[in-house]
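Please read these notes with the model open beside you. They go from the whole chain to one part of its surface.

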Amino acid sequence: MSNGTVAIYPGSFDPITNGHIDILERAIRIFSKVFVTVARNPAKRPLFTVEERMHMIRESIQGIRNGDKIEVIAFDGLIVECARECGATAIIRGLRAVSDFEYELQMALMNRRLSQDVTTVFMMPHENYSYLNSTIVKEVASFGGDVSAFVPPVVEAALKSKFHR
Ligand code: ADP
């Protein structure tokens, strides 16, 4: 049951993986609307452009239940500012393992200092996805490994064409 609360799910999504989708599916069971906010982040030298990343997210959520509650947008700058613009009072972040905790705690506390109006909510993915991240998927794909179990088909195809295999 959603509670009328709007959330943002910020990240690089370079590219979206099944772990991200797992978190999104959990989030839309709780929130009435979830904005997936894709960081432009040129400093991180993403493999995919922000448009490519947004396109892959939109394709990947086509079949998911209540997917109409999800909106995909690009953002630059402060996450709390992005939340304010979206009318969101929650920031969703995924926690996979203890290794995520330190950085996520820092970010959540900093964002709370920057804005009292928004609360960070952590969600744990299914344990099958606890070792999955975009970087490792790109690495496997770059060496021609099979990533079909980790990413939606649209992403698998995009990785293949990026790495010309
Ligand atoms: P960022 O560069 O901001 O960390 P990511 O796209 O890597 O962006 O991740 C966005 C969010 O999704 C983060 O909260 C991250 O912890 C979460 N996330 C990434 N991969 C997974 C996964 N396999 N399972 C659950 N959450 C994940």
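1. The radius of gyration used here is taken over C-alpha atoms, and the globule rule is 2.2 Å times the number of residues to the power 0.38. Keep in mind that this is a predicted model.

2. How does the chain compare with a compact globule? For 165 residues the rule gives a radius of gyration near 15 Å, and the chain has 15 Å, so the two agree.

3. The chain holds 6 helices and 5 strands. Starting at the N terminus, their order is β-α-β-α-β-α-β-α-β-α-α. You can follow this order in the viewer.

4. Contacts with a separation of 6 or more show how parts of the sequence meet: 76% of them in the chain join residues 24 or more positions apart.

5. Of the 165 residues, 45% count as buried. The chain has an accessible surface of about 9300 Å², and carbon and sulfur atoms account for 53% of that area.

6. Which residues form a nonpolar patch on the surface? They are Val98, Phe101, Leu105 and Leu109, and together they have about 380 Å² of accessible area. One of them, Phe101, lies in helix H4, which covers residues 98-114.

7. Is Phe101 buried, partly exposed or exposed? Buried means under 20% relative accessible area and exposed means over 50%, with partly exposed in between. Phe101 has 42% relative accessibility, so Phe101 counts as partly exposed.

Methods:
Residues are numbered from 1 along each chain as its sequence is written. This is a predicted model: local features need pLDDT of at least 70, side-chain atom pairs count only at pLDDT 80 or more; totals for chains, interfaces and linings use all residues. Side-chain values use heavy atoms; hydrogens and water are left out. Patches are made of residues with over 30% relative accessible area and no salt bridge: like charges are joined within 9 Å, nonpolar side chains (Val, Leu, Ile, Met, Phe, Trp, Tyr) within 5 Å. Accessible areas come from the Shrake-Rupley method with a 1.4 Å probe; for residues, only the protein chains shown count as cover. A salt bridge is a side-chain nitrogen of Lys or Arg within 4 Å of a carboxyl oxygen of Asp or Glu. Helices (H or I, at least four residues) and strands (E, at least two) are DSSP runs, numbered from the N terminus. Buried means under 20% relative accessible area, exposed over 50%, partly exposed in between (1.4 Å probe, protein chains only). Contact means heavy atoms within 4.5 Å.
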